Amino acid sequence: ILESLTEGVLAVDAARTVLLANGRLKEMFDLRAPAVGRSLHETFRAPEVRAAVEAALGGEASVRPITLDVRGADGRYTPKHFDLAAAPLAAAAATPGAVLVFHDVTALRRLETVRREFVANVSHELRTPLTLVRGHLETLLDEGALDDRALVESSLGVMHKHSLRLGALVDDLLTISRLEHGRGGLEPGRVLLGEAAARVLERLEPALREKGADGEVDIAPAGLAVRADPHRLDQVLFNLLDNALRHGVAGTAPRVRIEARREEDWVRLTVADNGPGIPASDQAHVWERFYRVHKDRSRDAGGTGLGLSIVKHIALAHGGRAGLESELGHGARFHVWLPAAEEAEVRNET
Ligand code: ADP
């Protein structure tokens, strides 16, 4: 039973000699030498562990959170968090002593930190537009303000813009939450990439025109299709193209390009631009929620900071993945791999 536990178990006698160490404990602390028969202090030098043992030998059971630097298989030490339970050995035991149970809660702690940071980020992102809307409302409520038509119009304009931003943020948060909880409600079907690309380019036509950017499509073979939820696929293309237009257009001849190629059972979908690119040190992070390369500049460019996180989640929800290639000054190429639609399906439908 002890060998099957996911917790590390250690028992010592009153002389602080180790009576038992289960396999999980040896794994947890990368114990190479046998611990049984040796002094506890040879194996555990941490004062927190000793304190728990002393308390238990004194008849007091306890559970305490502790942090220990633990040697990994690569020989490096990293801090790990445990809930350490210590209790006197039962009166019926052959010898007086203490039993310790180490429960590794490192992953749990990490999740808690991520959640806390997420809540702090969301609050911050929501507060900015809310503060602006409230400021303008207060201006309009001032005596006589409503008689100033120019002021009313500009305030309403700002309030409208920021209420749209709030709406986009809430929509993106709901999308992420659904995708993260595996309730993406995906309804995969066969989607022709040429049609999806055309739909999204049409939606972004005003932005393309505004930026004076060329939108190119290069799908080979032309009838290439994926097995994906059509709505989510459009969202992937939209987010990547929208990013390319907001962050990736610079210079005299801005260009955005949708490419698709078959790679065995997969289709690699690429959205490329010829803009400033993304520094290597930021590339792994752009998929994180609210991560922006240039904090203020990127936020001013509009967008919720969640676009790429949504792209990644949609790719994962389809069993695929997302990737990025970029060299500073030479544009960015964002890739998403989605399952290719089977040929058989093509024949069935035609
Ligand atoms: P945002 O709403 O800020 O666009 P995203 O999650 O879509 O959030 O993107 C994260 C960050 O990655 C952006 O803020 C921007 O700094 C960077 N980024 C995304 N796409 C590009 C691109 N095509 N070229 C350069 N930087 C980009």
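## Helix α4

The expected span is 1.5 Å times one less than the number of residues. Helices (H or I, at least four residues) and strands (E, at least two) are DSSP runs, numbered from the N terminus. In α4, Thr106, Val122, Glu125, Pro129, Val133 and Leu140 are buried. Buried means under 20% relative accessible area, exposed over 50%, and partly exposed in between (1.4 Å probe, protein chains only).

This is a predicted model: local features need pLDDT of at least 70, side-chain atom pairs count only at pLDDT 80 or more, and totals for chains, interfaces and linings use all residues. Residues are numbered from 1 along each chain as its sequence is written, and side-chain values use heavy atoms, with hydrogens and water left out.

## The antiparallel sheet

An open sheet of 5 strands has the order β2-β1-β5-β4-β3, with antiparallel pairing. Two strands pair if DSSP finds at least two bridges between them. The edges are β2 (18-21) and β3 (62-71); each has a single partner strand, so one side of each is left without a neighbour in the sheet. From one strand to the next, the twist averages 25°. Axes are lines fitted to C-alpha atoms, for helices over the stretch in contact, and angles run from 0 to 180 degrees between N-to-C directions.

Strand β1 (residues 8-13) runs antiparallel to β2, joined by 3 bridges. Valine 12 stands opposite valine 18 in β2. Leucine 10 has alanine 21 of β2 as its bridge partner. The β1 and β2 hairpin has 4 residues between the strands, and arginine 16 takes a positive phi near 65° there.

Two helices meet this sheet. Helix α3 (residues 47-57) packs on the sheet, touching β1, β3, β4 (77-88) and β5 (97-104), and its direction makes about 150° with that of β3. Contact means heavy atoms within 4.5 Å. Helix α4 lies across β3, β4 and β5, running at about 120° to β4.

## Aspartate 30

Aspartate 30 sits in the loop between α1 (23-28) and α2 (40-43). Its relative accessible area is 17%, so aspartate 30 counts as buried. A polar contact of 2.6 Å joins its side chain to that of arginine 32. Such a contact is a pair of N or O atoms within 3.5 Å; within protein, one must be able to donate a hydrogen and the other to accept it, and residues adjacent in sequence count only if both atoms are side-chain atoms. Leaving out residues up to four places away in sequence, aspartate 30 touches Arg71 and Gly72.

## Helix α5

Helix α5 (residues 149-180) has 32 residues; at 1.5 Å a residue they should span 46 Å, and the end C-alpha atoms are 46 Å apart, which agrees. Its buried residues include Val152, Met159, His162, Leu166, Asp172 and Leu179. The buried residues of α5 pack against α4 (106-141), α8 and α11. Glycine 182 follows α5, with a positive phi near 65°.

## The mixed sheet

A further open sheet of 5 strands has the order β7-β9-β10-β12-β11 and mixed pairing. Here β7 (214-220) and β11 (321-326) stand at the edges with a single partner strand each, so one side of each lacks a neighbour in the sheet. Direction ignored, neighbouring strands of this sheet are turned by 15° against each other on average.

Strand β9 (residues 255-263) pairs with β7 in the parallel sense over 7 bridges. Valine 217 has isoleucine 258 in β9 as its bridge partner. Helix α8 (residues 230-247) packs on the sheet, touching β9, β10 (266-273) and β12 (332-339); its direction makes about 25° with that of β10. Helix α11 (residues 307-317) also packs on the sheet, touching β11 and β12, and its direction makes about 30° with that of β12.

## Nonpolar cores

The largest nonpolar core has 49 residues; Leu193, Val226, Leu233, Leu240, Leu241 and Phe334 have the most contacts inside it. A nonpolar core is a set of buried Ala, Val, Leu, Ile, Met, Phe, Trp, Tyr and Cys residues joined through side-chain atoms within 4.5 Å. Elements giving two or more residues to this core include α5, α6 (193-203), β8 (225-228) and α8. Helix α8 gives the most, with 8 residues.

Phenylalanine 334 touches residues including Leu240, Leu269, Trp287, Leu308 and Leu324, not counting residues up to four places away in sequence. A second, separate core of 24 residues includes Val12, Val18, Ala56 and Phe102.
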